[in-house]
Amino acid sequence: MQFATLEFAAFFLITLTLSWVLRPWRLWQKTFLLLASYSFYAALRLEFVAIIFVSSLLFYFAGKALTMAQRKGARLAWLWVGVVLNLLLLAVFKYYNFFTDSVADLFSLVGLSSPLPVIEILFPVGISFYVFQGISYILDLYWKRGLQAPNLLDFLLFQAFFPQLLAGPICRSRELLEQIVGSGPRGLPELNRAATLILSGLFKKVVLAHFIDAHLVLNVFTAPENYTAPALWMGMLGYTMLIYWDFSGYTDLARGLGLLLGFEIPENFDHPYIARDISDFWRRWHITLSFWLRDYLFLPLASKWSGGLRRWLDRKQSALWGSQLAVLVTFVLCGLWHGAAWTFVLWGTYHGILLFVHHGLRNGLRLRWRGGWWGTTGTLLLVMLGWVLFNSADISTAGLYFSRMLDFKAAGTGFELLVVPFIALGLLLQIWGPRLRAVYIRMCERLPFFARPVAWFATGMVVLMLKPSGIAPYIYFGF
Amino acid sequence: MSEKTSPVIPPSKALLAAWLIMAALLLVFARDVSRQADSTESPLLRPSTTTGAGLLLGVAQSLGVVKARESMQSAVHFVYDNPLMLAGRAYQVNTQHETITAQANDPVASTEATAAPVINEPNSKSKPSSILVIGDSSIQGSLGLHIERKLEEYEDVVVHRFGQHSTGIARPDYFDWWDKIEELKAEYEPDLILAHWGDNDCQGLSSTEGEFLYHFNTDEWDAEYGRRIEDITRLMREGGCDAVLIGAPIMRSKSFSKKIERLNTVVEAAVTKAGGLYISTWDLTSDDAGDYMVSVEFEGKKRVIRAADGIHLSVHGAAYVADGICSFLEDHFTMVPLESAE
């Protein structure tokens, strides 16, 4: 069930109504929301519900045992149980076929066939998100800074809450779980903001992202050899905007729907394409994931390796090199998290190298990346080149794409003139988007209450009229 | 500039607003709701859903909402579907086509009327030099790409490809393949067309005006779909071009497989009747027992050939099926691999 469909609208309206009707009986309200979330997930595949249920049980009971354990060794053991078993789930469902393919390729280099069995495995949509969310829960419990779920129901709902189940944001226990455990709001304090977020999400997804995908990106990336260099450059720009609109559009919808149900879901994007440098980009892009990587991977690795390097280097040098190595490893794993293919690993490595160079220049050589428009444009160009890797079917197609981009004499199909204003609008919204949203919210606030639904409906109709035919799937559902 | 606002709205007011918006949405999209209701598979539920949707559509039409929305959307889609191209090749747009409604109402007469003169018999072993590959998202994506790359390994062959996701023969109101084929034939003058539809066609049939005609899994559906396949095959074959239709593969879901099997049977009979050729990817993707096949030994390695959804082909699967298609073409046409030519 995709968000931008009448079926989902009907499902959500019924869920919203019953959720607020049950509001005085908080336990029943939460039980109902959990059942609604599982029904939403089961509409994709019934087996997915079993997988998230098992994963949630593992995290919950390992976390419970961890907090009850007295000795540090026992606490660590329960932490490993919770994390390792869930990572195994993730590895099997997401990476098994990638692993067997890669092993088969290696064996074939020496003329042998791989001993690993080839089996068809379900890919539970959203597994990367809820496993990482669960890992943050149990690690925060271990470090005594998180909130423990007082009962299984609260934790199951925290993991399966349907607005953010399929593609995040990845919530910390102090963000979403705290609200679930609490008594919840008596009314809707943010109705205008919820409506604006939903409209914004719909516009980004069903108009902007869908148009660019159907009219440019899909064709250009499938067969780059058929397109001229200008078309490929536009394709690169187009995908840069597409992935942002697709993912941030989903996040806006998730946050708007969450607000209507009485929950505040964190923001996941902060105008990433006006980032000053590559570090700044990762503070603005997929914020919940990049902060997860910082807190649960980068900082522990940097601390451990800095300490380890003290044997050979002074304090400053060991801190620098420890963090440099940690950033490389973190981003290789970030790439792998995004998908079971070498193009994603290469993309992550590419960003790791960019950050390695950026931090090395800044912290080591005291050189600064040039700021202002030059810095922003340069950063955007580096990010866009990475997106070509990210979206290519394989490494050879990415190589073909890059080589064709530089061949301005080659003949082929061009690009539609109409994609230019779409992309220009997307770039302008990076700068003026928040102002536009705030103006819209203030405008709605000034209207009498009965006129607001009319304004929302009229805006929604403009969005839906501009929608191209068909429904394109969400990119991040593949992760 | 902060987006946070403060006035607390009572849930009852918010819910009333939400239900009113939903009611308005249902009126505006009444025709889509009616289509969904008509396609309800359960014979128990269908009378109540179609009655309710019919009432809704009646109210929406009397308010003029349906016509207003469709006019606005037609204007927008006209701009989207008639692109001005930059920095490369552009398409010629051909606006002439026959309406499907008239033919649907008189299938016998229309079959006789649309029978075009057959220039080439199948199995003529002709040597195609310009091959057009068309179809739905499978052709737009991986399968089409691998077919194109494999065909380029033959001597004196130029390949053109056009795929459009979410399309098929069942909904000419959504996308008119007859129109598109005329346009592409004028542009590329192919002597062989490879076409694949079906993945999106296990649904009710509509006319070009969007009027619902027949439910899937009925004899009327089979007759009308078969007629459309015949008609489109003859259109592809006009001017001496050969036409080959690629059938849909087996699916993991047994119920979906049954539907595809029925569709493939209709397609194969219709294509053959119209003088075209039919390639079965069902046989390529099922094992000796006729069951869904997950992996296959291909290019010296065991590869998973289906995507996680049990519907689409994986990247390796697309390469494997493309290989099978090219072997079929070698059997029926004169296709000289570039290596042997050298």
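User: Over how many bridges do strand S7 (residues 242-246) of chain B and S8(B) pair?

Analyst: In this predicted model, S7(B) and S8(B) run in the parallel sense where they pair. Within these strands, B:Leu245 stands opposite B:Tyr278 in S8(B). The number of bridges over which S7(B) and S8(B) pair is three.

User: Which strands of chain B stand at the edges of the open sheet?

Analyst: The open sheet of chain B has five strands, paired in parallel and ordered S3-S2-S4-S7-S8. Each edge strand has a single partner strand, so one side of it is left without a neighbour in the sheet. The strands at the edges are S3 (158-163) and S8 (277-279) of chain B.

User: Are H8(A) and H16(A) roughly parallel or roughly antiparallel to each other?

Analyst: The axes of helix H8 (residues 191-222) and helix H16 (residues 419-446), both of chain A, come within 10 Å and cross at roughly 170°. Angles over 145 degrees count as roughly antiparallel. The two helices, H8(A) and H16(A), are therefore roughly antiparallel.

User: How many residues of the contact of H8(A) with H16(A) are charged?

Analyst: The residues that meet include A:Arg193 in H8(A), and A:Arg437 and A:Glu445 in H16(A). The contact of H8(A) with H16(A) also has nine nonpolar and five polar residues, and its charged residues number three.

Terms used
Residues are numbered from 1 along each chain as its sequence is written. Chains are lettered from A and ligands numbered from 1 in the order in which they are written. This is a predicted model: local features need pLDDT of at least 70, side-chain atom pairs count only at pLDDT 80 or more; totals for chains, interfaces and linings use all residues. Axes are lines fitted to C-alpha atoms, for helices over the stretch in contact, and angles run from 0 to 180 degrees between N-to-C directions. Helices (H or I, at least four residues) and strands (E, at least two) are DSSP runs, numbered from the N terminus. Angles under 35 degrees count as roughly parallel, over 145 as roughly antiparallel, 65 to 115 as roughly perpendicular and the rest as oblique. Two residues are in contact if their C-beta atoms, placed from the backbone, lie within 7 Å. Ala, Val, Leu, Ile, Met, Phe, Trp, Tyr, Cys and Pro count as nonpolar, Asp, Glu, Lys and Arg as charged, and the others, Gly among them, as polar. Two strands pair if DSSP finds at least two bridges between them.
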